[in-house]
Amino acid sequence: MPKALASVDVHTIWKWEHQMKQWMEAYRTGLGAQDAQFQVQAFSSRQYKSHRRITETVAKAVEG
């Protein structure tokens with residue numbers, strides 16, 4: 001197990017941990033599997049207000 005954990009980047013572990021907390025919270029509130037999936041997806045997805053604009057972080061990554 002320690003060898004497997006050492007092969008995974010810490011940031012990847014943090015992202016999965018954060019997403020699992022969202023799933024646990026959805027189930028804790030009594031949502032079913034499908035409703036929980038929609039809630040987690042809505043939390044994880046970035047919604048843009050305009051198709052003509054991108055966020056500053058995306059622009060920096062493209063320029064990069």
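Colour the protein chain by pLDDT to begin; the model is predicted. Confidence is lowest in helix α4, residues 56–63, with a mean of 80, and highest in α2, with 89. Over the protein chain the average pLDDT is 83, and 88% of the residues score at least 70. Where pLDDT is low, the predicted coordinates should not be read in detail.

Next, select α2, residues 10–28. Its end C-alpha atoms lie 27 Å apart, which agrees with the 27 Å that its 19 residues should span at 1.5 Å a residue.

Two packed helices are described by the angle between their axes and the distance between the axes. The crossing of α2 past α3 is right-handed.

Show side chains for the contact between the two helices. From α2, pick His18, Gln19, Gln22, Trp23, Ala26 and Tyr27. From α3, pick Ala33, Ala36, Gln37, Gln39, Val40, Phe43 and Ser44. Coloured by class, this contact of α2 with α3 shows 7 nonpolar and 6 polar residues, and no charged ones.

Key
Residues are numbered from 1 along each chain as its sequence is written. Side-chain values use heavy atoms; hydrogens and water are left out. Axes are lines fitted to C-alpha atoms, for helices over the stretch in contact, and angles run from 0 to 180 degrees between N-to-C directions. Helices (H or I, at least four residues) and strands (E, at least two) are DSSP runs, numbered from the N terminus. A crossing is left-handed if the near helix is turned anticlockwise from the far one by less than a right angle, and right-handed if clockwise. Contact means heavy atoms within 4.5 Å. Ala, Val, Leu, Ile, Met, Phe, Trp, Tyr, Cys and Pro count as nonpolar, Asp, Glu, Lys and Arg as charged, and the others, Gly among them, as polar. pLDDT is the predictor's confidence in each residue, from 0 to 100. The expected span of a helix is 1.5 Å times one less than its number of residues.
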